[in-house]
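Subject: Structure for your review

Dear colleague,

Please find below the structure that I am handing over to you.

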Amino acid sequence: MALGTDPLDPDSDDDGLSDGDEVGLGTDPLDTDTDDDGLDDGEEVDLGTDPTNPDTDGDGLLDGQDVEFIQDRIAAQDPSVFASHGHQNALHSRLEEVEMKLLMGDTDGAIMDLMNMLGRLDGCGATADRNDWIIDCSVQIEIRGLIETLIVNLS
């Protein structure tokens with residue numbers, strides 16, 4: 001209670017981390033995004049970024065406006081979830097291009113590139129479409145959601 005949290009609510013700010021975990025991590029149990037980088041503290045822990053550092057990789061882009069969290073999730077996937085190995089590489093390359101545009105201040109161009117990428121991740125109902133680069137629907141939906149999060153954060 002000394003922190004202003006509700007002892008009957010294990011996650012006072014509803015960011016996916018318990019108040020006790022937040023105290024241990026050094027994040028604010030009353031603020032969903034302690035470092036104000038556009039990603040909730042719980043998302044950052046899940047994605048492998050630092051919820052107390054707004055620019056975990058030090059490249060000049062806030063974590064919530066950077067491609068790293070998407071690239072890391074793509075890199076962690078088994079190659080079998082991609083239509084081909086080339087598609088995994090293509091996603092990484094396209095995200096690198098997005099990051100370069102962001103670093104040069106071309107946010108509109110970066111958003112357009114991200115929107116175009118969504119066209120390769122848009123087929124999961126029961127199965128992926130023929131033109132989808134990720135053929136495992138659960139992975140496709142996850143990566144698509146991360147790209148959509150980045151688009152929203154950039155808008």
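A salt bridge is taken here as a side-chain nitrogen of Lys or Arg within 4 Å of a carboxyl oxygen of Asp or Glu. Please note that this is a predicted model. By that criterion, a search of the whole structure returns four salt bridges.

The side chains of arginine 73 and aspartate 46 form a salt bridge, with an N to O distance of 2.9 Å. This pair links distant parts of the chain: arginine 73 belongs to helix H3 (residues 68–75) and aspartate 46 to helix H2 (residues 41–47), 27 residues apart. Aspartate 46 is exposed, at a relative accessible area of 52%.

Helices H4 and H5

The axes of helix H4 (residues 85–103) and helix H5 (residues 107–118) come within 7 Å and cross at roughly 165°. Angles over 145 degrees count as roughly antiparallel, and H4 and H5 are therefore roughly antiparallel to each other. The crossing in which H4 passes H5 is left-handed.

On the H4 side, the contact is made by Leu91, Arg94, Leu95, Val98, Lys101 and Leu102; they meet Thr107, Gly109, Ala110, Asp113, Leu114 and Met117 of H5. By class, the residues of this contact comprise seven nonpolar, two polar and three charged.

A salt bridge also joins the side chains of lysine 101 and aspartate 113, at 2.8 Å from N to O. Because lysine 101 lies in helix H4 and aspartate 113 in helix H5, the pair ties together parts that are twelve residues apart in sequence. With a relative accessibility of 23%, lysine 101 counts as partly exposed, whereas aspartate 113 is buried, with a relative accessible area of 18%.

Glutamate 148 and arginine 144 meet through their side chains in a salt bridge of 3.1 Å, N to O. Both residues are in helix H6 (residues 137–154); they are four residues apart, so about one helical turn separates them. Glutamate 148 is partly exposed at 35% relative accessibility, and arginine 144 is likewise partly exposed, with a relative accessible area of 25%.

Finally, salt bridges with shared partners connect Asp46, Arg73 and Glu142 into one network.

With kind regards

Note on methods
Residues are numbered from 1 along each chain as its sequence is written. This is a predicted model: local features need pLDDT of at least 70, side-chain atom pairs count only at pLDDT 80 or more; totals for chains, interfaces and linings use all residues. Side-chain values use heavy atoms; hydrogens and water are left out. Axes are lines fitted to C-alpha atoms, for helices over the stretch in contact, and angles run from 0 to 180 degrees between N-to-C directions. Helices (H or I, at least four residues) and strands (E, at least two) are DSSP runs, numbered from the N terminus. Angles under 35 degrees count as roughly parallel, over 145 as roughly antiparallel, 65 to 115 as roughly perpendicular and the rest as oblique. A crossing is left-handed if the near helix is turned anticlockwise from the far one by less than a right angle, and right-handed if clockwise. Contact means heavy atoms within 4.5 Å. Ala, Val, Leu, Ile, Met, Phe, Trp, Tyr, Cys and Pro count as nonpolar, Asp, Glu, Lys and Arg as charged, and the others, Gly among them, as polar. Buried means under 20% relative accessible area, exposed over 50%, partly exposed in between (1.4 Å probe, protein chains only).
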